[in-house]
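The following paragraphs lead the reader through selected parts of one structure. Please keep the sequence and the model in view while reading.

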Amino acid sequence: MLKIGVAGAGHLGKIHLKLLEQSPKYKLVGFYDVDTDNGNNIESKFGYTFYADLDDLLDKVDVLDIVTPTLSHFEVAKKAIRKGKHVFLEKPIAHTNEEAQEIISLAKEYNVKGQVGHVERFNPAFSALKNQIKKPLFIEAHRLAEFNPRGTDVPVVLDLMIHDLDVILSIVKSEVKEIHSSGVSVISETPDIANVRLAFENGCVANITTSRISMKNMRKMRIFQKDAYVAIDFLEKKSEIIRMEDATDSNTDDFSMVLENAEKQKKKIWFEYPKIEANNAILDELESFADAIVDDKEIPVTLEDGQKALALALQIIEKFNK
């Protein structure tokens, strides 16, 4: 069983602490937080051991789960890696691309593993059909959230859109060729609404809209590929695949759904609803990291994946000012 500590005991950090305490794959040693009063309060209320000094915690663990504010990811990860500890980093991996690159270099130098917490990769609606996604041609994503002051210190691209950027980069096996983006600041000092159009080298196009001042919550993605349309509802944890093939006498009957185009070509349409296995995505991503360490398995969301998503997000933000 891997000994793990948590750095950062804010809203998400407390969720990680609760899940790690329940996990049979980890032994939760304790947590570190820069706010001593917060740390003492959490220790008193929940019983987790509080370490006021990060080095003291690092000396007792195999893995550090970093859930601190993004600005501090680099310094915390650097200290952990140099002590030979594996690191799980909440998204985004770091504040700058240069910091992300150095984290990757340090992990290789000290021969430790790292994973980034892009939790939508573990959403059951995505997991149920990700293997059915083949060479997407067009992707449309909407991620809308009601206003919450937490996270508004960074542009909505780093706060919310980066989830969709990571998913899209994981299914489109091509480099981004062109970026068109616009962002609007409504309440915050940084953009609260953003729309991005990505054109990839292989011809795929992705259109992404994100808002953190919506009247309702929505997290949907639609993926169009040859002869199939894939719909994912990350919020409701639902997904469907609509397939199409040439309609013939042998594959149709009176109950078949058949469409005929202007050229008199007939296409048969049918629906598939993948089985959705209920899960806790945060627990799954943390335990997948344990498996990668103990059994030397492939890391689902590598440090390099995290760096690519961050680099693209920063490019998008840079385009806002041009």
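Helices α4 and α5 are roughly parallel to each other, a term that applies to angles under 35 degrees, just as over 145 counts as roughly antiparallel, 65 to 115 as roughly perpendicular and the rest as oblique. Their axes cross at roughly 10° and come within 10 Å; axes here are lines fitted to C-alpha atoms, for helices over the stretch in contact, and angles run from 0 to 180 degrees between N-to-C directions. Helices (H or I, at least four residues) and strands (E, at least two) are DSSP runs, numbered from the N terminus. The model is predicted: local features need pLDDT of at least 70, side-chain atom pairs count only at pLDDT 80 or more, and totals for chains, interfaces and linings use all residues. Residues are numbered from 1 along each chain as its sequence is written, and side-chain values use heavy atoms, with hydrogens and water left out.

From α4, residues F74, A77, K78, I81 and R82 meet E99, E102, I103, L106 and A107 of α5, where contact means heavy atoms within 4.5 Å. By class, this contact has 6 nonpolar, no polar and 4 charged residues. In this classification Ala, Val, Leu, Ile, Met, Phe, Trp, Tyr, Cys and Pro count as nonpolar, Asp, Glu, Lys and Arg as charged, and the others, Gly among them, as polar.

Buried means under 20% relative accessible area, exposed over 50%, and partly exposed in between (1.4 Å probe, protein chains only). The buried residues are H73, F74, V76, A77, K78, A80 and I81. They pack against β1 (2–7), α3 (54–58), β4 (63–66), β5 (86–90) and α5 (97–109). Just after α4, G84 takes a positive phi of about 80°.

Strand β4, one of the elements against which α4 packs, is covered on both faces: V63 and D65 on one side and L64 and I66 on the other are all buried. In a regular strand the side chains alternate between the two faces of the sheet. Strand β4 runs parallel to β1, to which 4 bridges join it, and V63 is the bridge partner of I4. Another 4 bridges join β4 to β5, and these strands also run parallel; here D65 stands opposite F88. Two strands pair if DSSP finds at least two bridges between them.

A further helix pair is formed by α1 (residues 11–22) and α8 (residues 281–294), which pack at an angle of about 65° with their axes 10 Å apart. These helices are therefore roughly perpendicular to each other. In α1, residues L12, I15, H16, L19 and L20 meet I282, L283 and L286 in α8. The residues of this contact divide into 7 nonpolar, 1 polar and no charged.

H11 lies in α1 and is partly exposed, with a relative accessible area of 47%. H163 lies in helix α7 (residues 156–171) and is buried, with a relative accessible area of 11%. Leaving aside its neighbours within four places in sequence, H163 is in contact with K91, V119, E120 and R143.
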